[in-house]
Amino acid sequence: MKRVRTFAVSVLMLALLGCGSPAKTSASPGHTPSPSPSNTPFSTNKMAWSDCSSGFQCGSLTVPLDYSTPGGKTIALAVIRMPARDQAHRIGSVVINPGGPGGSGLDFLRSASSLFNALNQRFDLVSFDPRGVGKSAPIRCLSPKEMEAFISVNPAPQTQTQIDDAIRAAKNMATECEIKNPDTWALVGTVNAAHDMDRLRDALGDAKLTYIGFSYGSLLGDTYADMFPTKVRAMSLDGALDPGLSADDISRDQAIGFEKNLDAFLADCGAHVTCAFYNAGKPLAALDGFLASVTAHPLPAGGTRTVGIGEAYMGILAGMYLPSDWPILAFALHSAQAGKPQALLALADQYAERQPDGSYSNVLESNTAINCDDGPAPGPVAHLQQLAVSLAQVAPHFGPSSAWGPLTCDFWPVLATGRHALSAAGAPTIVVVGATNDPATPYKWAQGMARELKNSVLLTRTGDGHVSYNQSACIRTFVNAYLDDPAHVPPAGTVCASDPG
């Protein structure tokens with residue numbers, strides 16, 4: 001099957017920190033209680049579609065910037081669809097979110113529509129760039145040079161100089177996001193995105209929502225179901241993010257998840273002499289030596305660019321999401337070990353969505369804004385220093401960076417709305433999908449979400465890698481049958497294997 005990337009940028013991706021919380025305010029309209037759905041007026045805002053190549057149709061959906069003042073400013077959301085092939089027996093639309101937060105639904109559907117080929121027989125495939133993302137009132141904070149500097153900061157600072165550098169980078173990101181996005185920076189959280197998705201459902205002409213959410217998209221779906229339980233038709237939440245977790249819980253669980261996948265990669269590489277990073281069967285020692293070396297002496301990568309510890313960690317992280325990427329990562333590490341880091345930098349660039357002209361998509365900036373608008377709020381720097389030491393014991397490579405990850409949000413000038421366990425009482429059965437060795441959204445998170453939902457079933461995939469629909473024909477069979485007919489809920493306790501190879 002075609003390799004498909006889903007997004008789980010999450011807090012570990014943003015392994016840059018801040019220290020000391022400036023005074024924050026909860027006065028922003030985006031951080032007041034959301035209006036109840038029954039009090040949110042809906043216009044008859046049906047979608048107008050135009051051809052946008054390769055069988056896709058594109059449209060724009062106008063939504064309130066601030067749902068507490070729905071008659072005020074508006075923003076436009078970019079939407080894309082692939083119409084159902086069998087229009088005579090069309091069921092409706094299935095809305096798909098690729099995760100992040102910050103992943104572009106437009107880009108994802110264009111690259112991954114074949115993955116949903118079976119659903120596309122009787123469903124329109126629909127995706128959108130959530131507010132703040134991609135082409136939907138995008139959050140823009142840093143210049144390309146500033147973004148390169150942001151990425152290059154040591155994600156697991158130890159010395160005071162490293163800590164000071166990371167603090168400056170985090171402060172600059174938070175400050176520039178506020179300055180350059182005065183209307184939107186505090187209004188891109190998940191609650192607002194869920195309101196937008198209900199507007200989209202209405203504009204698509206669907207009485208109830210059929211939805212697939214990957215990674216962060218599971219949180220968006222969970223939030224929607226809790227806010228609009230009677231408007232859910234069917235919902236698959238794959239690579240679930242448990243909203244009841246604290247910031248420390250997220251950091252610890254994700255660090256352990258990535259460490260387990262790194263261990264699996266290194267064990268596989270060390271067992272096969274054909275692995276590019278074999279290193280006489282001792283790839284772990286070679287990796288640690290390389291990371292120490294690149295921390296002290298960044299490698300030139302052509303032009304003015306170098307690969308230091310920040311770029312190296314991001315490149316390694318990029319290779320952890322799918323086992324099918326392990327050979328690519330092994331080659332990149334082998335080349336970097338030999339003083340040629342271009343392949344490792346290419347992995348980091350792909351993850352940060354750096355374009356050929358040196359510009360970046362806004363995936364990191366929108367990720368920052370959405371995570372910081374949502375919470376949970378991180379602790380002060382002294383707490384994160386202690387947490388980094390603690391997590392290093394259970395996840396030596398990813399623990400410290402995960403501990404420091406969320407502290408950019410410590411400089412966010414408004415209070416986070418916060419997250420809490422959601423029950424979605426009154427919604428039909430929701431299918432939660434989790435993989436036993438998912439690095440970015442550990443299996444225990446799927447178990448937690450399934451427990452918290454009033455009406456759900458947990459569908460399990462055994463194996464490595466992030467999310468499951470793209471890694472298991474068995475998972476796809478169960479999910480597709482359920483989305484086609486919500487009465488076909490997978491039996492409780494169903495376990496699927498990953499696809500071979």
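## Helix packing

The angle is about 75°, and the two axes are 7 Å apart. Axes here are lines fitted to C-alpha atoms, for helices over the stretch in contact, and angles run from 0 to 180 degrees between N-to-C directions. Helices (H or I, at least four residues) and strands (E, at least two) are DSSP runs, numbered from the N terminus. This is a predicted model, where local features need pLDDT of at least 70 and side-chain atom pairs count only at pLDDT 80 or more, while totals for chains, interfaces and linings use all residues. Residues are numbered from 1 along each chain as its sequence is written, and side-chain values use heavy atoms, with hydrogens and water left out.

Which residues of α9 and α11 make the contact (heavy atoms within 4.5 Å)? On the α9 side they are Glu311, Ala312, Met314, Gly315, Ile316, Leu317 and Ala318, and α11 brings Leu344, Leu345, Leu347, Ala348, Tyr351 and Ala352. By class that is 11 nonpolar, one polar and one charged. For the classes, Ala, Val, Leu, Ile, Met, Phe, Trp, Tyr, Cys and Pro count as nonpolar, Asp, Glu, Lys and Arg as charged, and the others, Gly among them, as polar.

Glu148, Ile151 and Ser152 of α3 meet Gly310, Glu311 and Met314 of α9. That contact divides into two nonpolar, two polar and two charged residues.

Helix α11 (residues 342-352) also packs with α10 (residues 326-337), at about 130° and with axes 7 Å apart. That angle makes α10 oblique to α11. From α10 come Ile328, Leu329, Phe331, Ala332, Leu333 and Ala336, and from α11 come Ala343, Leu344 and Leu347. The tally is nine nonpolar, no polar and no charged residues.

## The sheet

Now for the strands, which pair if DSSP finds at least two bridges between them. An open, mixed sheet of 10 strands runs in the order β1-β2-β3-β5-β4-β6-β7-β10-β11-β12. Its edge strands, β1 (50-51) and β12 (495-497), each pair on one side only. Helix α2 (residues 105-112) packs on the sheet, touching β2 (57-64), β3 (74-82), β4, β5 (123-128) and β6, and its direction makes about 5° with that of β3. Helix α5 (residues 190-204) lies across β2, β3, β4, β5 and β6, at about 125° to β2.

## A covered strand

Is strand β6 enclosed or open? Six of the six residues of β6 (residues 209-214) are buried, so this strand is largely enclosed by the rest of the structure. In a regular strand, side chains alternate between the two faces of the sheet. On one side of β6 sit Leu209, Tyr211 and Gly213, on the other Thr210, Ile212 and Phe214, all of them buried.

β6 pairs in parallel with β4 (residues 92-97) over four bridges. Tyr211 of β6 is the bridge partner of Val95, and Gly213 is that of Asn97. β6 also runs parallel to β7 (residues 232-238), joined by six bridges, and there the partner of Gly213 is Leu237. From β6 the chain goes through helix α6 (residues 216-227) to β7, a right-handed β-α-β crossover (with the strands pointing away from the viewer, the path from the first strand over the helix to the second runs clockwise).

## Two single residues

Ser60 lies in strand β2 and counts as partly exposed because its relative accessibility is 46%. Beyond its neighbours within four places in sequence, Ser60 is in contact with Met47, Ala48, Ala76 and Leu77. Ser60 and Arg451 are 391 residues apart in sequence and 37 Å apart, C-alpha to C-alpha.

Pro98 is found in the loop between β4 and α2 and counts as buried, at 0% relative accessibility. From Pro98 to Asp124, 26 residues apart along the chain, the C-alpha separation is 16 Å.

Key: Buried means under 20% relative accessible area, exposed over 50%, partly exposed in between (1.4 Å probe, protein chains only). Angles under 35 degrees count as roughly parallel, over 145 as roughly antiparallel, 65 to 115 as roughly perpendicular and the rest as oblique. Contact means heavy atoms within 4.5 Å.
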